[in-house]
There are 2 protein chains.
Amino acid sequence: MTPRKPTITDLARAAGVSPSTASIVFSGKAPVTEATRSRVLAAAEKLGYTGPDPRAASLRRGRSGIVGVVFDEPLRGAFADPVQTLMMDGLADAVAPEGAALLLLRDGVGAPGGPTLTTAPIDAAVLVGCSGSMRASLEVVQARGIPVVVIEGDAGEGVLRIGLDNRAAQRRAAEHLRDLGHTDVVMLALPQDARREAGWTTPESEAAITIDVTRDRLAGLRDVFPSARAYAATGSFIDAGVEAARQILAAHRPTAIVAQSDLLAAGAVRAAEELGMRVPEDLSVTGFDGVVVDGLGERRLTTLEQLAAQKGRAAGDAVAAMLAGRDPAPVELTCRFRRGDTTGPPRAD
Amino acid sequence: MTPRKPTITDLARAAGVSPSTASIVFSGKAPVTEATRSRVLAAAEKLGYTGPDPRAASLRRGRSGIVGVVFDEPLRGAFADPVQTLMMDGLADAVAPEGAALLLLRDGVGAPGGPTLTTAPIDAAVLVGCSGSMRASLEVVQARGIPVVVIEGDAGEGVLRIGLDNRAAQRRAAEHLRDLGHTDVVMLALPQDARREAGWTTPESEAAITIDVTRDRLAGLRDVFPSARAYAATGSFIDAGVEAARQILAAHRPTAIVAQSDLLAAGAVRAAEELGMRVPEDLSVTGFDGVVVDGLGERRLTTLEQLAAQKGRAAGDAVAAMLAGRDPAPVELTCRFRRGDTTGPPRAD
DNA sequence: TTGTATGCGTTATCAC
DNA sequence: GTGATAACGCATACAA
């Protein structure tokens, strides 16, 4: 039975030094004689003192070393897309040197434990894919006066954004198709809003799109093909792409499908092949992201490469800068067009 | 320019109540008159007080409301497998009612910021897939006197384990194949250790397997097919399965491949089809996990269903119990055999 | 139902 | 290089 966890005061007494000195031994914030240093460490070993209590330290320092990452969907949804996990890795890498770790926060309200976002000891927050439902989270965090970075979302005034040149990039893919001679293209879009309903978009629904990425990529396509139709999938995964592409191809056979993610594109390729169409001979398909699609095999998608890890890293760097009292600039990363083997000249009908 | 963030004392003064009353208004731990309550809230609004400082609260309470989840690989690796993300969701759900959130911790040492595991304000830790390299993390956490739960790993004495009946379950799949008449089966295994090298296992390498899941499932197979060979893949993803299955089938054509995960099984199916083999006519394939493999399409794997979300939930419940001072029992979840359409009688050579 | 008093364990600041 | 002191902001036991 332990009587009580030893504190740094106990340790200091046992080592015959002052608490401040003991503290310095652990923080390394000031020079200490090697002699006292080892004396303190020896005492710590003997007492079973494992270092300063992080809770007390964070109160005193005013820092917890924790960065909150807020998602607006279940984690399985958030992490199904390799883009997100790459981004998370980049983010984790970028904040690690600051000694920070990532706290996973789900935006969903109505959690029985209450809104953890308001009570979590975070130094900063990263909102991922800031869509409508996240506005509330944004307000909470801002009210708390916590530095915020938004990745791929419409943050509003004064909120630091890390984004992609979604519209311009998607436009490039569209131009590629146009240059190949395509005129009849359909967009296979990401969800329009948090409801994630599948279906053809309408002017009304498009006006109400709350997910920036979806809106911007659609706009990029329309820059080149103003009257192209779009079908929204239920999410960014292969089977959603298969499903959506089946619907698209059932109605009418365009010569190209412009998918808003590589996973959706992979689904489109599969759906086309199911129907006996060859890609790219009968149907060109473009993706977006430039990730390795597990299970796609040898095929190389024509796509827009986004450096997802770099996006996370940029967010992490921005967070670090804000915590250091600096005022980092927004970042817009540029996608690189990569021609693969899934696009070609349109079939001659 | 804000002079200083208001504290609960400022709030109390502004509202004309005592700090304790103000505290109660936010914690709800004791009854308060509606009048004072709204008075306090109004004052909070006016002052811009957004609630108690979590850092101070956690020091005072001795709780941070944070559960650390420790992985021994990059997040992209950890989350590539749907089993993990399901587990994380289950875990998040289970701890949410306690008001807890999950802190992502990577086991990797040598992180520039230092070992965050030793300095993170966590109330409890969950180690995922506790393999050799994680022993150090386990020790750190135990030294800190923090409750630990290990998921699918060899934790050693006195550490609460949440596991699966891996061996028995895998044995069931093997029996299924045996009953169908198979005698020539090969295992497509998960990695043997953190190095994740692909290749045939040897008696020496098998003796040195540090990943429990791999070892136990292999043992389950050997219970039925004592001399079956095994080929370790580089990870649990489809392309690793394709790659490994190609190697397996290049050497020799067994009548069945027993994969240690559904993703690997999906890869095996694909590799077989590439080679012109039909599944299950020419080759039976079994998986493990029972997850939805994105992109597998209509095919239903013969597999062992593990309730991954439930596994996470069990871990979360165990954590909650330990934090409540109780002493939960280890959990061994049972997999359910599910016959799909990827197994059948062996081909007659 | 509300107020008073105390300490949670640490670290920044300043002397020495 | 080391020690004394004073907060950090809050939640609880207890008294009223």
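Two strands count as paired here if DSSP finds at least two bridges between them, and helices (H or I, at least four residues) and strands (E, at least two) are DSSP runs numbered from the N terminus. What you're looking at is a predicted model, in which local features need pLDDT of at least 70 and side-chain atom pairs count only at pLDDT 80 or more, while totals for chains, interfaces and linings use all residues. Residues are numbered from 1 along each chain as its sequence is written, and chains are lettered from A and ligands numbered from 1 in the order in which they are written.

Let's begin with a sheet in chain B. It's an open, five-stranded one with mixed pairing, in the order β7-β8-β6-β9-β10. At its edges sit β7 (199-200) and β10 (284-286) of chain B, each pairing on one side only. β7(B) runs antiparallel to strand β8 (residues 229-232) of chain B, over two bridges. There you'll find B:Gly199 opposite B:Ala232 of β8(B).

Now step back to the overall layout of chain A. An automatic or database domain assignment supplies the bounds: domain 1 covers 8-52, domain 2 covers 64-164 + 308-335, and domain 3 covers 166-305. Between domain 1 and domain 3 of chain A, the C-alpha centres are 61 Å apart.

How do the two protein copies relate? (Contact means that the C-beta atoms of two residues, placed from the backbone, lie within 7 Å.)

That contact takes 52 residues from chain A and 51 residues from chain B. On the chain A side, the elements giving two or more residues are α4 (54-61), α5 (75-80), α6 (82-95), β2 (101-106), α7 (116-119) and α12 (238-251). Sorted by class, this side has 28 nonpolar, 15 polar and nine charged residues. For those classes, Ala, Val, Leu, Ile, Met, Phe, Trp, Tyr, Cys and Pro count as nonpolar, Asp, Glu, Lys and Arg as charged, and the others, Gly among them, as polar. A:Leu104 has B:Leu102 in β2(B) as its bridge partner.

Next comes the DNA. A residue is near a strand if its C-beta atom, placed from the backbone, lies within 6 Å of it. DNA strand C has 29 residues around it, with A:Thr7, A:Ile8, A:Ala56, B:Ser18 and B:Ser20 coming nearest. DNA strand D is surrounded by 29 residues, the closest being A:Ser18, A:Ser20, B:Thr7, B:Ile8 and B:Ser20. The surface near DNA strand D has 13 nonpolar, ten polar and six charged residues.

Finally, look at B:Asp341, in the segment after β13 (336-338) of chain B. Leaving aside neighbours within four places in sequence, B:Asp341 is in contact with B:Pro280, B:Arg299 and B:Arg300.
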